[in-house]
Amino acid sequence: NTFGALTFPENNVFTYDGEAHTVEVDGDIPANAVVTYIGGNSFVNAGTYDVTAVVSCEGYVTQKLSTTVKIKQAKYDMSGVKFDGKEVVYDGTSHSVAISGKLPDGVSSPTYTINGKAGSSATDAGEYTVKATFANSDPNYEAIPEMEATLNIIPAEYTVKGVDIVFKSESGNVISSA
């Protein structure tokens, strides 16, 4: 005897969610048949897995089937994290930008660079590009995209009041006064 049509499910692509994803042979399998999955048929972690099933039953020709299971990396939900730039007037003190909001579980604080150098703060007037980079050590999750914000320190305007300006020629004669 031979088994009827035995198949694996067609779509064996899952996204990592911390739970086991299992594939099983489907079809007309007699009640006393034994299905053995070489290397297993249930997977949790992201990766690509080859699954081979051996279906055997007394009086039947043993049948072997193969499929591939893929568990894709999940994406961290970064929707609660903001990285807003800011604009300030130069005042001689250091100014910085940083992420705000709640990082997802398993994600630690980022490292910052400002115009390509370590840090996230500046004192002098100018426009600075600050980048936040997140380390991802969990292979079940995709890398977190780098975030970018602008720190713009505007030059201060000084107003001088109560000063008389007198312009003199080289000979010392007053030309004009303010």
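Reader: Is Tyr49 buried, exposed or partly exposed?
Author: Tyr49 is partly exposed, because its relative accessibility is 22%, and the class between buried (under 20% relative accessible area) and exposed (over 50%) is partly exposed, with a 1.4 Å probe and protein chains only. This is a predicted model, where local features need pLDDT of at least 70, side-chain atom pairs count only at pLDDT 80 or more, and totals for chains, interfaces and linings use all residues. Residues are numbered from 1 along each chain as its sequence is written, and side-chain values use heavy atoms, leaving out hydrogens and water.

Reader: How many aromatic pairs are there?
Author: The count is 6, where rings of Phe, Tyr and Trp (its six-membered ring) pair if their centres lie within 6.5 Å, with planes under 30 degrees apart stacked, over 60 edge-to-face and the rest tilted. Phe3 and Tyr60 are stacked, at 4.8 Å centre to centre and 15° between the planes. These two are 57 residues apart in the chain.

Reader: And which ring goes with Phe43?
Author: Tyr49: the ring centres are 4.2 Å apart and the planes at 10°, so this pair is stacked too. Phe43 is buried, with a relative accessible area of 10%.

Reader: Switching to the largest nonpolar core: which members touch the most others?
Author: Phe83, Ile99, Phe134 and Leu151, out of 21 residues. A nonpolar core is a set of buried Ala, Val, Leu, Ile, Met, Phe, Trp, Tyr and Cys residues joined through side-chain atoms within 4.5 Å.

Notes. Helix = DSSP H or I, 4+ residues; strand = E, 2+ residues; numbered from the N terminus.
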